[in-house]
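I set out to record what I looked up in this entry, topic by topic. The notes follow in the order in which I made them.

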Amino acid sequence: MIGVVVKIHSNFYYVKCSTLLLECKIREKLKKANQEVFVGDKVVVEEIEIESSQGAIFEVLERTSFLPKPSIANIDQVITVSSIIDPVLDYSQLDRYLVNAGRHGFNSIICINKTDLLDNIDEINEIKAIYEPLGYKLIFLSAKTAEGIEEFKITLKDKISVLCGESGVGKSSIVNTISPGLHLKTKEISNKSHRGTHTTRHVELIELLFDDEHKGIIADAPGFSFLRFDDVLPEMIDEFFTEIHDFSKECFYNDCLHINEEGCNVIKNLNKIPSSRYNSYKAFIEEALEYKKKLINSGHKEEKKSKTIDKGNNEKVNIVKLGLQKREDSRKKNKQKLKNVISSLDYTYYNDECLD
């Protein structure tokens with residue numbers, strides 16, 4: 001049977017096959033081939049035992065899309081969830097989620113939760129002014145009052161969506177408002193850190209029924225904030241900042257990073273770029289430069305000219321290392337050489353004898 005992995009927990013893979021939910025293990029041939037299985041993967045299940053609802057995954061079918069953080073396959077859209085208050089909206093974190101999705105081919109929908117806590121709409125207008133010109137769809141809602149929930153439902157219909165965002169922004173609360181019968185766990189914001197704590201422990205696909213004809217599948221994922229761009233080259237970062245990339249086409253240097261270079265068209269037009277966006281860009285560039293530096297250093301490792309020897313009794317001595325050309329072969333290596341010479345002599349002797 002062909003099914004979809006809806007949850008992974010304690011080395012068990014829960015696969016939805018039509019109306020069946022099977023608890024599965026992975027066959028050894030997939031493990032030996034280093035084939036990873038993720039939530040959202042379409043898989044072939046065999047050795048099915050109906051009574052115990054168990055089976056084994058024999059094959060992973062080709063993916064149409066993949067988002068590595070949170071790790072989920074075959075999704076249609078990424079919805080980045082932030083709260084406007086409690087915890088207060090962190091523009092840098094929001095940009096991290098947007099760039100992370102963009103790197104993997106998704107143009108996120110931005111969902112801003114907890115609008116019921118706002119005293120005025122000035123901040124909503126500010127968010128719109130930054131992100132609407134960039135082509136992002138924005139949804140403002142309140143999981144508590146259900147304001148904006150109907151618009152959010154329309155976005156989810158007939159699609160597989162993943163909710164990304166920090167802990168405490170209300171992802172599980174939003175899903176509970178859409179489908180109260182799910183009773184997903186939620187927690188209050190910490191009074192000390194003013195941040196959320198993890199309530200969702202793993203990625204899980206949840207089916208939402210809207211009416212007789214329409215449904216949606218949503219992936220509720222653990223919140224995370226440790227997302228760094230230390231695995232991407234700095235010259236690639238501006239591709240995910242439309243407003244910066246457009247101005248970069250007129251820069252004097254092709255490899256301009258738009259930080260302090262002479263003839264940089266981005267710097268000339270900073271008054272047209274939201275400061276929060278440019279600050280995010282600079283932070284990501286710094287992380288990418290660290291990655292580039294590591295790559296360069298890993299290809300040019302210099303051998304140390306000295307080494308420390310422990311002589312015992314807590315006495316350590318620094319000695320100069322010999323150059324590679326001056327090092328004597330180890331006793332083991334010399335024995336091996338001698339053995340090879342003897343083997344060669346034996347071969348010559350026996351072959352000469354045969355020739356006689």
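The model I am reading is a predicted one. My search of the whole structure returned 1 cavity of 30 Å³ or more. I then asked which residues lie closest to the centre of the largest cavity. They are Ser82, Ser83, Asp90, Glu166 and Val169, out of 13 residues in the lining. Two elements each give two or more residues to this lining, namely strand E8 (77–83) and helix H2 (91–103). Sorted by class, I find 7 nonpolar, 4 polar and 2 charged residues around the largest cavity.

**Strand pairing at E1**

I next traced the partners of strand E1, residues 2–9. E1 runs antiparallel to strand E2 (residues 12–17), and 5 bridges join the two. His9 has Phe12 of E2 as its bridge partner. The hairpin of E1 and E2 leaves 2 residues between the strands, and there I noted a positive phi near 50° at Ser10. E1 is also antiparallel to strand E4 (residues 42–49), to which 3 bridges join it. On that side, Val4 is paired with Lys42 of E4 as its bridge partner.

**Confidence**

The chain has a mean of 84, and 78% of its residues reach 70 or more.

Definitions and conventions
Residues are numbered from 1 along each chain as its sequence is written. This is a predicted model: local features need pLDDT of at least 70, side-chain atom pairs count only at pLDDT 80 or more; totals for chains, interfaces and linings use all residues. Side-chain values use heavy atoms; hydrogens and water are left out. pLDDT is the predictor's confidence in each residue, from 0 to 100. Two strands pair if DSSP finds at least two bridges between them. Helices (H or I, at least four residues) and strands (E, at least two) are DSSP runs, numbered from the N terminus. On a 1 Å grid over the protein atoms alone, a cavity is a set of points where a 1.4 Å probe fits but cannot get out, and a pocket is an open set with protein on both sides within 12 Å along at least five of seven lines; lining residues have an atom within 4 Å of a point. Grid points are joined across faces, edges and corners, and a volume is the space filled by probe spheres set on the points. Ala, Val, Leu, Ile, Met, Phe, Trp, Tyr, Cys and Pro count as nonpolar, Asp, Glu, Lys and Arg as charged, and the others, Gly among them, as polar.
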